[in-house]
Amino acid sequence: MNELGKIHQLIIPFLGHNLTFNLEAIAMTWIVCGLLIIFGLLATYKKARIPGSWQILGELFVTQFFSLAEDALDKEMAKKYGPLICALFMFLVLSNWLGILPHLEEPTRDLNTPLSLGIMGFVIAHYVAIKTKGLKAYIKEYFEPIFFMMPLNLIGELAKIVSISFRLFGNIMGGSIIILVVSYLTYNILLPPFLNAFFGLFVGAIQAFVFTMLTLVYISVQVK
Amino acid sequence: MPFDVQTWIGIAAYTGGGLAMGLGAIGAAIGEGYTAAEANYALSRAPQSAGDIFKTMLVGQAIAESASIFALVVAMLLLFTDFSSGSLVTVFAVMAAGLSMGFGAIGSGVGSGFPAAAACTGMARQPAMGARLTTNMLVGSAVCQTPSIFALVTSFILIFTDFSAEPFNPAGAAVMGAGLAAGLAAIGSGIGGGAVAQASCEGIARNPGSQKQVVNVMLLGQAITQTPAILGLLVSFILIFKQFEATDAIAPGMALFASGLCMGIGAIGPGIGEGIASSGGVRWIAKNPSIAGELTRTMLVGMAVAESTAIYSMVIALVLIFVV
Amino acid sequence: MAIEGADLVKAAAFLGAGLSMGLGAIGPGVGEGMAAAKACEAIGRNPKEAGLLTRTMLVGQAVSESTGIYSLVIALLLLFVV
């Protein structure tokens with residue numbers, strides 16, 4: 001029970017402020033990145049006409065998410081932002097599933113990971129908006145439909161970052177807490193595999209998909 | 001106070017535990033009852049699919065149950081955890097934990113009953129779509145449980161955080177506000193998310209070819225419907241983790257309590273409204289998949305406007321915490 | 001605890017502000033949601049009129065918002081003016 005709140009942190013004083021690094025989240029993120037790089041290499045090193053199993057998996061991800069991107073954006077933007085969507089989904093689904101393996105925990109369990117991915121999506125969406133519509137039209141949009149809606153529109157945009165990040169964080173953290181506490185209460189008999197299957201695999205995959213879809217929708221809403 | 005801290009903590013823990021389970025039982029029971037009612041009606045229309053409909057009803061009811069199982073877990077924790085190291089603030093914290101999970105389980109319980117009911121009805125209409133309807137119901141119900149998971153996270157944090165460093169006034173009122181914010185805010189989003197999932201199951205049963213678009217828009221709609229619950233979670237986190245200075249007046253404490261109350265109650269309406277809006281969008285995308293893009297955009301715009309009162313509530317809540 | 005009268009009044013003002021905005025947000029939320037749902041239905045039945053239907057939806061939602069704005073005003077008054 002005392003394990004719930006413990007995070008190993010590395011605190012480095014720098015220019016008067018303290019830089020805090022949450023070691024577990026960083027290490028787990030590196031593991032996820034390493035696994036993704038290995039998967040990428042395995043899926044593409046042969047490029048046969050009749051694909052081997054890794055290549056099939058890679059093609060599955062790419063075709064699904066590129067078609068999603070094409071539904072939401074037009075062809076040329078979909079080519080540009082498709083890889084982002086694919087990478088985001090693969091990173092998230094692997095991160096959320098990492099908690100099932102013993103002694104590893106999900107990097108998305110720490111609020112910093114979903115928050116930074118959310119801010120990244122937000123910055124990309126607004127960058128795309130300014131690039132396609134120009135600065136003037138972009139700023140004018142905040143004043144629609146009535147002039148004094150501006151602060152509310154602004155807060156609404158910021159609320160989008162909060163909602164997308166906290167949703168992922170809340171689901172993953174909540175799931176891992178439930179698994180921990182219920183396993184503790186039932187003395188690790190019978191329930192843990194089912195809990196892990198539901199909260200780890202099922203909810204993890206759905207939340208990764210929802211995060212990716214929302215990022216895509218935010219980008220496409222800015223472009224239209 | 002004539003009693004010592006341990007007695008007060010005991011009183012609050014047991015009351016909170018009772019409230020958690022009592023309130024938490026409401027939603028799941030209503031949802032499961034609705035599912036059973038619709039399943040019966042579906043059985044009367046299509047007795048030959050009895051086995052499938054019955055199985056779907058049981059599975060759907062099991063997922064609707066999970067919200068009240070969370071409440072059961074919290075209630076057990078409150079009854080059996082050793083709080084001997086607690087301070088006065090812990091008295092309010094454990095009560096707030098019970099209220100948070102109790103209220104939080106209402107919405108998701110009721111909401112998860114809707115897609116299960118629609119899946120049973122759909123199976124009577126289109127027995128061939130049985131497997132796809134069940135999968136869609138599972139996905140929709142699971143996402144619908146998210147607001148109660150948020151309430152659960154808040155309850156756990158309230159039970160297990162060490163509050164001894166905080167001054168009783170106003171931290172006591174702050175944690176109470178935190179519990180109410182997370183718990184009440186989950187009601188609306190739970191019911192709304194269920195309405196969306198219900199529309200998607202219905203839509204897939206009517207028009208199996210539209211499944212891909214319907215599922216995508218269902219997930220999108222449910223995710224946005226959960227935003228008021230997320231705002232409630234945010235306000236409750238701020239209330240729990242912010243350092244407050246000790247004070248003798250009751251106005252600052254009341255401000256923090258009112259901020260939690262404001263965000264909590266204020267998130268109910270927009271949650272339900274966004275769910276209704278999204279269910280309308282999903283239902284009509286199923287009937288007319290070719291204009292899915294147009295309908296999605298209209299749905300998103302409508303939902304964004306419906307969310308505005310939730311944002312006002314959040315602004316007032318934040319003003320009450322930080323400015324006043 | 002010796003509670004001053006003025007302090008109690010301030011506390012009540014805060015509570016009132018919270019309740020005002022909180023309860024006041026319920027109605028507009030549900031109402032605007034229903035408006036958006038029916039707009040989706042209308043566009044589903046008649047996609048050509050999408051522009052007119054969207055405009056009508058927004059106007060209807062803005063009118064429905066008015067009570068929410070009254071609650072916001074009262075909440076702000078209770079916080080800062082009274």
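Q: Which residues in H10(B) meet which residues in H11(B)?
A: This is a predicted model, in which local features need pLDDT of at least 70, side-chain atom pairs count only at pLDDT 80 or more, and totals for chains, interfaces and linings use all residues. Residues are numbered from 1 along each chain as its sequence is written, while chains are lettered from A and ligands numbered from 1 in the order in which they are written. On the H10(B) side there are B:Pro270, B:Gly273, B:Glu274, B:Ala277, B:Ser278, B:Gly281, B:Trp284 and B:Ile285, and they meet B:Ala292, B:Leu295, B:Thr296, B:Met299, B:Gly302, B:Met303 and B:Ala306 in H11(B). Two residues are in contact if their C-beta atoms, placed from the backbone, lie within 7 Å, and helices (H or I, at least four residues) and strands (E, at least two) are DSSP runs numbered from the N terminus.

Q: What classes do the residues of that contact divide into?
A: Nine are nonpolar, five are polar and one is charged. Here Ala, Val, Leu, Ile, Met, Phe, Trp, Tyr, Cys and Pro count as nonpolar, Asp, Glu, Lys and Arg as charged, and the others, Gly among them, as polar.

Q: At what angle do H10(B) and H11(B) pack?
A: Their angle is about 170°, and their axes are 9 Å apart. That makes H10(B) roughly antiparallel to H11(B), a term for angles over 145 degrees, where the axes are lines fitted to C-alpha atoms over the stretch in contact and angles run from 0 to 180 degrees between N-to-C directions.

Q: Changing topic, which residues touch the most other members of the largest nonpolar core?
A: B:Val74 and B:Val175 do, in a core of 201 residues. Helix H3 of chain B, residues 88-125, gives the most to this core, with 22 residues. A nonpolar core is a set of buried Ala, Val, Leu, Ile, Met, Phe, Trp, Tyr and Cys residues joined through C-beta atoms within 7 Å, and a residue is buried if 20 or more other C-beta atoms lie within 10 Å of its own, exposed if 12 or fewer, and partly exposed in between.

Q: And what does B:Val175 touch?
A: Not counting residues up to four places away in sequence, B:Val175 touches B:Val89, B:Phe92, B:Ala93, B:Ala96, B:Leu158, B:Leu239 and B:Ile240.

Q: How many residues of H3(B) are buried?
A: Of its 38 residues, 36 are buried, so H3(B) is largely enclosed by the rest of the structure.

Q: How many residues of chain B are in contact with chain A?
A: There are 27 residues of chain B in contact with 28 residues of chain A. H5(B) gives the most to the chain B side, with seven residues, and that side has 22 nonpolar, five polar and no charged residues.

Q: What about chain C and chain B?
A: In that case 43 residues of chain C are in contact with 45 residues of chain B. The largest share of the chain C side, 18 residues, comes from H2(C), and by class this side has 27 nonpolar, ten polar and six charged residues.

Q: Last one: is A:His103 buried or exposed?
A: A:His103 counts as exposed, because it has 4 C-beta neighbours inside 10 Å. A:His103 lies in the loop between helix H3 (75-97) and helix H4 (112-133) of chain A, and its phi is near 70°, a positive value in a residue other than glycine.

Definitions and conventions. Angles under 35 degrees count as roughly parallel, over 145 as roughly antiparallel, 65 to 115 as roughly perpendicular and the rest as oblique.
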